[in-house]
Amino acid sequence: MAEKINAVKGMNDIMPPDSARWEWLEDKVRLLMGRYAYRMIRTPVVEPTQLFVRGTGETTDIVEKEMYSFEDRLNGEALTLRPENTPGVVRAAIEHNLTYDGGKRLFYMGPMFRHERPQRGRYRQFYQLGAEVLGFPGPEVDAELMVLADQLLADLGLRNIRVELNSLGVPTERKAHRAALVAYFETHASLLDDDARRRLHTNPLRILDTKNPAMQEVVQGAPQLLSYLGEASLKHLETVQCLLDACGVAWKVNARLVRGLDYYSHTVFEFITDELGAQGTLCGGGRYDGLFEVLGGKPTPAVGWGMGLERVLELVAQQAGAVALPPPDAYAVIPMVQALPVAMKTLQTLRAAGVSVQMHAGAAEGMGSMKSQFKKADASGARYALIFGADELAQGVVTVKSLRDGVGAQVQRPLAEPAAWAAALRA
Ligand code: ATP
Ligand code: MG
């Protein structure tokens with residue numbers, strides 16, 4: 001036997017029955033996005049590396065150490081598997097002048113790639129749902145996006161999720177805060193770890209984001225950006241808070257919630273659970289009014305979030321339990337190969353009428369015994385067996401036998417007009 005080939009470490013196969021949960025989730029997402037009038041955008045999985053160096057930020061963990069980057073073999077172009085999709089969406093919006101006739105509300109779902117240490121809730125290929133609103137400067141879209149995320153998590157049956165909120169103000173406010181922050185950390189340099197010392201002059205805001213327990217105290221005492229916000233920034237934040245209140249979304253300010261890049265402004269937020277261990281952030285987002293310009297576009301206000309779907313589904317499994325795969329409505333029992341043409345044609349008509357049917361598949365020698373076919377029909381979970389036997393075909397009918405309620409009850413239906421009795425098979 002040839003040697004086995006396994007999946008790349010940190011990349012998962014999603015298979016039945018687990019894939020049922022994914023289908024269920026994706027259906028809920030599409031339904032809700034439609035209700036908020038958000039439209040789907042699909043961008044390539046591979047982008048020029050520079051898009052992320054500029055759009056995600058040179059000093060972020062993602063760009064410093066997590067990207068899958070490679071050279072195109074033919075032309076040497078520097079390419080990267082997308083680690084996130086906001087830069088891709090903004091690139092596409094600039095490239096196609098998407099906001100020429102006004103703002104756009106967009107969403108996407110798809111795989112992202114980051115070379116991290118695989119562990120629970122942290123994979124090298126993972127799925128993100130993202131929502132991005134382009135071209136609107138006001139706090140009402142920040143609030144709308146947060147209400148949408150909250151509603152989605154509620155529609156999935158999830159609870160005990162807290163919402164943390166902060167404001168990053170505008171660049172001038174951040175500059176004043178940054179100077180105070182650097183001065184503060186310099187006077188406490190001996191308390192900083194290597195990572196923090198390295199970031200002190202490249203990206204000091206990110207130090208506030210540290211997960212190192214030994215640094216929590218020094219970080220607690222650091223100057224807060226909130227106290228550097230001017231009137232307009234405070235007003236933006238207060239409006240978001242007031243709208244969340246009006247929509248019944250509970251929030252808490254976390255002054256240490258940051259994004260270390262200059263193109264962020266105003267609102268930042270996270271949806272967090274304590275029930276998934278260390279990887280408890282389900283959704284993170286914020287306003288990125290400066291990103292269009294960083295990527296060579298016209299100044300365009302924008303705000304969005306990204307949600308980690310593996311984490312969301314793990315919480316679903318934990319809080320709500322199994323999502324069952326819907327069984328087929330019917331299982332087609334086909335005793336002889338000769339019955340296949342008529343049977344398959346009938347099944348086509350039934351499926352077109354909305355009936356879900358699993359067809360029996362036989363062995364190389366033939367279709368197999370009735371007994372073994374009925375065993376498979378039972379195992380499929382179908383409510384009905386459709387029997388395409390020789391007697392039936394001779395009379396131009398199919399026998400519909402109940403496998404669940406009133407087991408054994410059977411009726412005969414005309415093969416000539418399956419559409420007329422299809423509805424009776426549906427759940
Ligand atoms: P973390 O602090 O957990 O590393 P992050 O700040 O890197 O998260 P974002 O870039 O904001 O995360 O991505 C949005 C969401 O995507 C996260 O809140 C999380 O739910 C999910 N996510 C991020 N990285 C991974 C990963 N490696 N595996 C699974 N989900 C992930
Ligand atoms: Mg990360």
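Select Glu26. It is partly exposed, at a relative accessible area of 26%; partly exposed means between buried (under 20%) and exposed (over 50%), with a 1.4 Å probe and protein chains only. The side chains of Arg30 and Glu26 meet in a salt bridge, 3.9 Å from N to O. A salt bridge here is a side-chain nitrogen of Lys or Arg within 4 Å of a carboxyl oxygen of Asp or Glu. Both residues sit in helix α1 (residues 19-35), four residues apart, about one turn of the helix. Helices (H or I, at least four residues) and strands (E, at least two) are DSSP runs, numbered from the N terminus. An α-helix has 3.6 residues a turn, so residues three or four places apart point the same way.

A note on the ground rules: this is a predicted model, in which local features need pLDDT of at least 70 and side-chain atom pairs count only at pLDDT 80 or more, while totals for chains, interfaces and linings use all residues. Residues are numbered from 1 along each chain as its sequence is written, chains are lettered from A and ligands numbered from 1 in the order in which they are written, and side-chain values use heavy atoms, with hydrogens and water left out.

Go to helix α7 (residues 194-199). Asp194 and Arg197 are three residues apart there, about one helical turn. Their side chains form a salt bridge at 3.5 Å, N to O. Asp194 is exposed, at 63% relative accessible area. Arg197 is partly exposed, at 42%.

Next, select Arg404 and Asp378. How far apart are the closest N and O atoms of their salt bridge? The distance is 3.7 Å. Arg404 lies in the loop between β15 (397-402) and β16 (410-414), and Asp378 in helix α13 (residues 370-380), so the pair ties together parts that are 26 residues apart in sequence. Both ends are partly exposed: Arg404 at 33% and Asp378 at 41%.

Now pick a whole group: Asp61, Glu64, Lys65, Asp195, Arg198, Arg199, Arg206 and Asp209. Salt bridges link these residues in a network. Across the model, the count of salt bridges comes to 21.

**The ligand**

Which atoms make polar contacts, that is, pairs of N or O atoms within 3.5 Å? A polar side-chain atom of Glu116 lies 2.6 Å from a nitrogen atom of ligand 1. A polar side-chain atom of Lys211 lies 3.1 Å from an oxygen atom of the ligand. At Leu282, a backbone N or O atom lies 3.2 Å from an oxygen atom of ligand 1. The protein covers 84% of the 580 Å² of accessible area that ligand 1 has on its own; areas come from the Shrake-Rupley method with a 1.4 Å probe.

**Buried spots**

Select Thr60, in the loop between α2 (49-57) and α3 (61-66). Thr60 is buried, at 10% relative accessible area. A polar atom of its side chain lies 2.6 Å from the backbone oxygen of Gly57.

Move to Gln241 in helix α9 (residues 231-246). Is Gln241 buried or exposed? Gln241 counts as buried, at 12% relative accessibility.

Last, select helix α11 (residues 309-319). Eight of its 11 residues are buried, so the helix is largely enclosed by the rest of the structure. Among them are Leu309, Glu310, Arg311 and Val312. Just after α11, stop at Gly321, which takes a positive phi of about 85 degrees.

Terms used. A polar contact is a pair of N or O atoms within 3.5 Å; within protein, one must be able to donate a hydrogen and the other to accept it, and residues adjacent in sequence count only if both atoms are side-chain atoms.
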